[in-house]
Amino acid sequence: ILCCDVFEEDGYFHKFEMSEKNSDLVLTDGVTVYTIELRKVDTNVHDYCTKPEDEQWAVLFKEYNYETKDEKLKQLLESKECFRKADEIMREIYFNPASYSKLFGEEKKQEDINAMMYSVEQKGKNEGKAEGKAEEKLHIAKNLLMNDISIEVIARTTNLTYDQINELKAKNYLR
């Protein structure tokens, strides 16, 4: 499975057999190598289940997430025993650290941990920024109230509700 564009052709699904260069003798009797260029897989369709099976597998490889909320993907996962089994195996790999480590190795495990930590860090930063903005709005509203600015003007200026402004006014004993 390739996560980049390799072939210039429009298709994303490629089939290869190995042969001896000089005699064209097929060396992979019974073995075929397939590549799927995931970036080229079109997932903007109404129903994945109506696609040919090779395209269904390509969609599954591109879109799979054990927590999927996508109803089309859920239908695809339930449509055939092979997809249900693939989902079961992927969940086993993801939730069983020994299986995950065996398949992906410690390096991949560490990459995933780092990605999760970065995500949590970004979420914390965003929450902190939001809290800071909310506090700043309250501080501005308090200053405006102390300068006898009308509640209507404060609400338009800070996007606070009348209730929030009146609560602030009551807490700070402002007239």
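1. Helix 1 has Q56, A58, V59 and L60 as its buried residues. Buried here means under 20% relative accessible area, exposed means over 50%, and partly exposed lies in between (1.4 Å probe, protein chains only). Helices (H or I, at least four residues) and strands (E, at least two) are DSSP runs, numbered from the N terminus. The cover over the buried residues of helix 1 includes strand 2 (33-36), helix 2 and helix 3; a contact is a pair of heavy atoms within 4.5 Å.

2. The model is predicted: local features need pLDDT of at least 70, side-chain atom pairs count only at pLDDT 80 or more, and totals for chains, interfaces and linings use all residues. Residues are numbered from 1 along each chain as its sequence is written, and side-chain values use heavy atoms, with hydrogens and water left out.

3. The largest nonpolar core has 13 residues, and I36, V41, V59, L60, L73 and L76 have the most contacts inside it. Two or more residues each come to this core from helix 1 (53-63), helix 2 (71-79) and helix 3 (81-95). A separate second core has eight residues, among them L145, I151, A155 and L160. A nonpolar core is a set of buried Ala, Val, Leu, Ile, Met, Phe, Trp, Tyr and Cys residues joined through side-chain atoms within 4.5 Å. In soluble globular proteins, nonpolar side chains tend to be buried together.

4. How many aromatic pairs does a search of the whole structure find? The search returns two. One of them, W57 with F61, is tilted, at 5.9 Å centre to centre and 35° between the planes. Rings of Phe, Tyr and Trp (its six-membered ring) pair if their centres lie within 6.5 Å; planes under 30 degrees apart count as stacked, over 60 as edge-to-face and the rest as tilted. W57 and F61 are four residues apart in helix 1, a separation of about one helical turn. W57 is partly exposed at 23% relative accessible area, and F61 is partly exposed at 40%. Ring pairs join W57, F61 and F83 in a cluster.

5. T43 is in the loop between strand 2 and helix 1. T43 is buried, with a relative accessible area of 14%. Leaving aside residues up to four places away in sequence, T43 touches Y48, V59, K62, E63 and K72.

6. Q75 belongs to helix 2 and is partly exposed at 45% relative accessibility. With residues up to four places away in sequence not counted, Q75 touches D47 and C49. The C-alpha atoms of Q75 and E121, which are 46 residues apart along the chain, are separated by 34 Å.

7. The side chain of T158 reaches the backbone oxygen of I154 at 2.7 Å. Not counting residues up to four places away in sequence, T158 touches K137, I140 and A141.

8. Two loop residues have backbone angles worth checking. D148, in the loop between helix 4 (97-146) and helix 5, has a positive phi of about 60° although it is not a glycine. N159, in the loop between helix 5 and helix 6 (162-171), likewise is not a glycine and has a positive phi of about 65°. N159 is exposed at 62% relative accessibility.

9. Overall, the protein has six helices and two strands, in the sequence pattern β-β-α-α-α-α-α-α. The radius of gyration is 28 Å, well over the 16 Å that the globule rule gives for 175 residues, so the protein is more spread out than a compact globule. That radius is taken over C-alpha atoms, and the globule rule is 2.2 Å times the number of residues to the power 0.38. Along the principal axes, the C-alpha atoms fill a box of roughly 95 × 40 × 35 Å.

10. Buried residues make up 19% of the 175 residues. Of the contacts with a separation of 6 or more, 41% are between residues 24 or more positions apart.

Technical notes. Polar contact = N/O pair within 3.5 Å; in protein donor to acceptor, adjacent residues only side chain to side chain.
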